[in-house]
Amino acid sequence: FSGRHEGRMQRDEEGRVRIDRNGSIFEVILDFLRRYSSGSKNAAFAIQALTETQMREMWEELDYYGLENAVFPSVPFSIGLAKSSIDLATFSPGSEMLSKRMAFGAVVLPENRGVLVVGGHDGRKRLASTEVLDIETQTFSSGPSMRSRRFDCASVVLEDGKVVVVGGYNGTVLATSEVLNLATNTWSP
């Protein structure tokens, strides 16, 4: 040990230390570090899909183990003549969706399930359809259709993993919402 937590550690008769921490969150951290070190483009996907509560728990684990900079390194940024990391960033073409869409909602699904794209407008009509991007294969597949056609809607993933889509427009401004249960892959009002 580095000595960082020496005052908090209790040793048994044989000098062993039991570390009682959040194993499931530490597993996410280790998976990230393994994937990142092997060059995986999707190393951070599981971290990005964590709920707000899980993210707070992860920060506690990162702090405990002193891994904050290993997972969230400070980004060099400068103003002036030197180029910043932002200036050097590049985009590359991604996968093509199944339907043309604008003004849609999108969320990162928990447990590496991908990115859910909901509703929108295809240039001719408002859409109730959804698509899921599989991050590993970089392919889109059809998802469950919503009950209402919506574009300019908002979407969010709740801590229990359900997806809520609110508002939007389908000829009139909508005040309704729909909830996607990922366990059953069905929408309800």
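The structure is a predicted model. The chain holds five helices and eight strands, and its elements follow the order α-α-α-α-α-β-β-β-β-β-β-β-β from the N terminus on. Four strands make up an open antiparallel sheet in the order β1-β2-β3-β4, and four strands make up an open antiparallel sheet in the order β5-β6-β7-β8. The average pLDDT of the chain is 85.

**Overall composition**

- Of the 189 residues in the chain, 32% are buried.
- Among the contacts with a separation of 6 or more, 44% are between residues 24 or more positions apart.
- The chain has an accessible surface of about 12500 Å², and carbon and sulfur atoms contribute 52% of that surface.

**Sheet β1-β2-β3-β4**

- The strands of this open sheet are paired in the antiparallel sense, in the order β1-β2-β3-β4.
- The edge positions are taken by β1 (105-109) and β4 (139-142); each has a single partner strand, so one side of each lacks a neighbour in the sheet.
- From one strand to the next, the twist averages 25°.
- Within the sheet, β2 (residues 114-118) and β3 (residues 130-134) are joined by four bridges and pair in the antiparallel sense.
- Leucine 116 has valine 132 in β3 as its bridge partner.

**Sheet β5-β6-β7-β8**

- This open sheet also has antiparallel pairing, with its four strands in the order β5-β6-β7-β8.
- At its edges stand β5 and β8 (186-188), and each has a single partner strand, so one side of each is without a neighbour in the sheet.
- Direction ignored, neighbouring strands of this sheet are turned by 20° against each other on average.
- The antiparallel pairing of β5 with β6 rests on four bridges, and valine 157 lies opposite valine 163 in β6.
- A hairpin is formed by β5 and β6, with five residues between them. Glycine 161, in the turn, has a positive phi of about 95°.
- The strands β6 and β7 run antiparallel and are joined by four bridges; here valine 166 stands opposite serine 177 in β7.

**Aromatic pairs**

- A pair of aromatic rings is described by the distance between the centres and the angle between the planes.
- The chain has two aromatic pairs.
- In the pair of phenylalanine 32 and tyrosine 36, the ring centres are 5.5 Å apart and the planes are at 25°; the pair is therefore stacked, because the angle is under the limit of 30 degrees.
- Phenylalanine 32 and tyrosine 36 are four residues apart in helix α1 (residues 23-37), so about one helical turn separates them.
- The two residues of this pair fall into separate accessibility classes: phenylalanine 32 is buried at a relative accessible area of 7%, whereas tyrosine 36 is exposed at 54%.
- Phenylalanine 151 and tyrosine 169 form an edge-to-face pair, with 5.6 Å from centre to centre and 80° between the planes.
- This pair links distant parts of the chain, 18 residues apart: phenylalanine 151 is in the loop between β4 and β5 (154-157), and tyrosine 169 is in the loop between β6 and β7.
- Phenylalanine 151 counts as buried because its relative accessibility of 17% is under the 20% limit.
- Tyrosine 169 has a relative accessibility of 31% and counts as partly exposed.

**Glycine 171 in the loop between β6 and β7**

- Glycine 171 lies in the loop between β6 (163-166) and β7 (177-181), the loop that also holds tyrosine 169.
- With a relative accessible area of 35%, glycine 171 is partly exposed.
- Glycine 171 and arginine 149 are 22 residues apart along the chain, and their C-alpha atoms are separated by 9.3 Å.

**Confidence of the prediction**

- A pLDDT of at least 70 is reached by 87% of the residues, and the chain average is 85.
- Over residues 77-84 the pLDDT stays under 50. For this segment the model has five contacts beyond four places in sequence.

Note on methods: Residues are numbered from 1 along each chain as its sequence is written. This is a predicted model: local features need pLDDT of at least 70, side-chain atom pairs count only at pLDDT 80 or more; totals for chains, interfaces and linings use all residues. Side-chain values use heavy atoms; hydrogens and water are left out. Two strands pair if DSSP finds at least two bridges between them. Helices (H or I, at least four residues) and strands (E, at least two) are DSSP runs, numbered from the N terminus. Axes are lines fitted to C-alpha atoms, for helices over the stretch in contact, and angles run from 0 to 180 degrees between N-to-C directions. Buried means under 20% relative accessible area, exposed over 50%, partly exposed in between (1.4 Å probe, protein chains only). Contact means heavy atoms within 4.5 Å. Accessible areas come from the Shrake-Rupley method with a 1.4 Å probe; for residues, only the protein chains shown count as cover. Rings of Phe, Tyr and Trp (its six-membered ring) pair if their centres lie within 6.5 Å; planes under 30 degrees apart count as stacked, over 60 as edge-to-face and the rest as tilted. pLDDT is the predictor's confidence in each residue, from 0 to 100.
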